[in-house]
Amino acid sequence: MPTPTDTITEQATSPDNDSSFDRYCQGVPPLSARIEPWMVQFLSAAEFPQRIEPYGSPVNVLNPHRMADNVAELNQIASERQVDFRIFFARKANKCLSFVDQAHQLGIGVDTASEIELEQTLDRNLPPEDVICTAAVKSESLIRRCLEFGICMAIDNHDELERVRSLAATHQKQAIVALRLSGFLHGTQRLESRFGFDCERDRDLSQIPVDDRIRIVGLHFHLDGYDPHQRVTAIGESIRWIKCLRAAGHHPRFIDMGGGLPVCYLKHQEQWDHFWDRHAESLRGRTDEVTYNRNPLSRSVHQANVGPPQSMYPYYQRQTRATWFATVLDSNVGGQTVAQALKENELQLRCEPGRSLLDGCGITIARIEFRKQDTRGRWLLGLSMNRTQCRTTSDDFLVDPLLIPSTSETRPTVEGYLVGAYCMESELLSWRKFRFPSGVGTGDHLVFPNTAGYLMHFLESRSHQFPLAKNLVIGADGVADLRLDDIDR
């Protein structure tokens, strides 16, 4: 009798080579994941359970080589428009050092958000000009380290600027800085942010006198959300600031628009739309629950009125990475395209993607340890992981996991919820209900696809003294050379 992995291997050769995974676990209603070929290859191998078993549960499996395609997409868009363009990988999106090495090999920079991230990045032999420090809070020791190596710092406020100037004078160094801006006026809307100088209130800063201790090399901004036209507005205002700074004797040469390039995790928009419709009907009490205890997923509920989600990543998006970036460069600013304005002003455009560079670069795998029914008769499936190990600031990860069965025996269909290891009533790995048409049991593995960007490490916790997940790196062929990332050594 064939094993489950034998069956998956046979089906993995079909044109839709991820369809075999969809049939073992489906959301109620489903949200089918985009799955990379290397994921199918890795999970289909007959020795899959034995390969990961020594590392415990959960385990993260990484394919840093996949980053190259994402970088190439963005570089091509810029090249077609003859834009001087530079990518800095947002290190905070994933702690593994293999991605730093891959960024170095691809000739892109690294954006660091803490002193440890900076030290680790420099230890991987990246030259200082390939590193930027955007830490939201910069300690004196972090500033000193940036001064020592000549690392560009994104400066957020007047206190930080004065501290950098003082330390530069004390240590006889010149600080390399990019001024971070915020508060852009987009139509009638102010683009608010807790990061940066207000471009209206702090406009005098654009005429700051030349100072031997401070070298202003560029401007930086951070915007929430994924509206490309808001980036266009911010770039246009930044160009005006650049002109003022140059008139005051400075020589800024780049604008850094931060991260936030969109990613699409799902295959079908109709599933995404249908899920929210069903969820709303559930919150109104008109259908069975589709989230545990009818969790609202940050939607306001007042009688029959259900609002939109307020803190949920848009897991389905039509416009992603390359098309989004093209929209930014092709949009009008001051009577010309953004690309033309950047060229005319001899400016390099920089960005700091995390999620979009790690799209397709990782999966998280956990072992099922039990199944039980709660006092209401709902099935609960207990996994050896906790909710911080596949979660960001978004209220939930709205992507169906994949089930790898441990047996080929026929088992009854089960619908239920995924619960984690923390001793809290709210410890659900996902609020959503899942259906297992071929059953589910102890020893099976659940795979959360496309988790490399923020989902693995951004909130991970060692509460209860549970160990953190190990991080395994696969070879370029998708199977060979499975090894621990150096962050775990």
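Let's start with two helices, H7 (residues 115-123) and H8 (residues 140-149), whose axes come within 10 Å and cross at roughly 25 degrees. Axes here are lines fitted to C-alpha atoms, for helices over the stretch in contact, with angles running from 0 to 180 degrees between N-to-C directions. H7 and H8 therefore count as roughly parallel to each other (angles under 35 degrees). This is a predicted model, where local features need pLDDT of at least 70, side-chain atom pairs count only at pLDDT 80 or more, and totals for chains, interfaces and linings use all residues. Residues are numbered from 1 along each chain as its sequence is written, and side-chain values use heavy atoms, leaving out hydrogens and water.

So who meets whom? From H7 come Glu 115, Leu 118, Glu 119 and Leu 122, and from H8 come Ser 141, Leu 142, Arg 145, Cys 146 and Phe 149 (contact means heavy atoms within 4.5 Å). By class, that makes five nonpolar, one polar and three charged residues.

Now hop over to Arg 378, which sits in the loop between strand E18 (362-373) and strand E19 (379-383) (strands are DSSP runs of E, at least two residues, and helices runs of H or I, at least four, numbered from the N terminus). Arg 378 counts as buried because its relative accessibility is 13% (buried means under 20% relative accessible area, with a 1.4 Å probe and protein chains only).

What does the side chain of Arg 378 hold on to? There's a polar contact with the side chain of Tyr 292 at 3.3 Å, and another of 2.9 Å with the side chain of Asn 293 (a pair of N or O atoms within 3.5 Å, one able to donate a hydrogen and the other to accept it; residues adjacent in sequence count only if both atoms are side-chain atoms). Leaving aside neighbours within four places in sequence, Arg 378 also has Glu 289, Lys 372, Gln 373 and Tyr 417 among its contacts.

Technical notes
Buried < 20%, exposed > 50% of the residue type's maximum accessible area, 1.4 Å probe, protein only. Parallel < 35°, antiparallel > 145°, perpendicular 65-115°, else oblique. Nonpolar A, V, L, I, M, F, W, Y, C, P; charged D, E, K, R; others polar.
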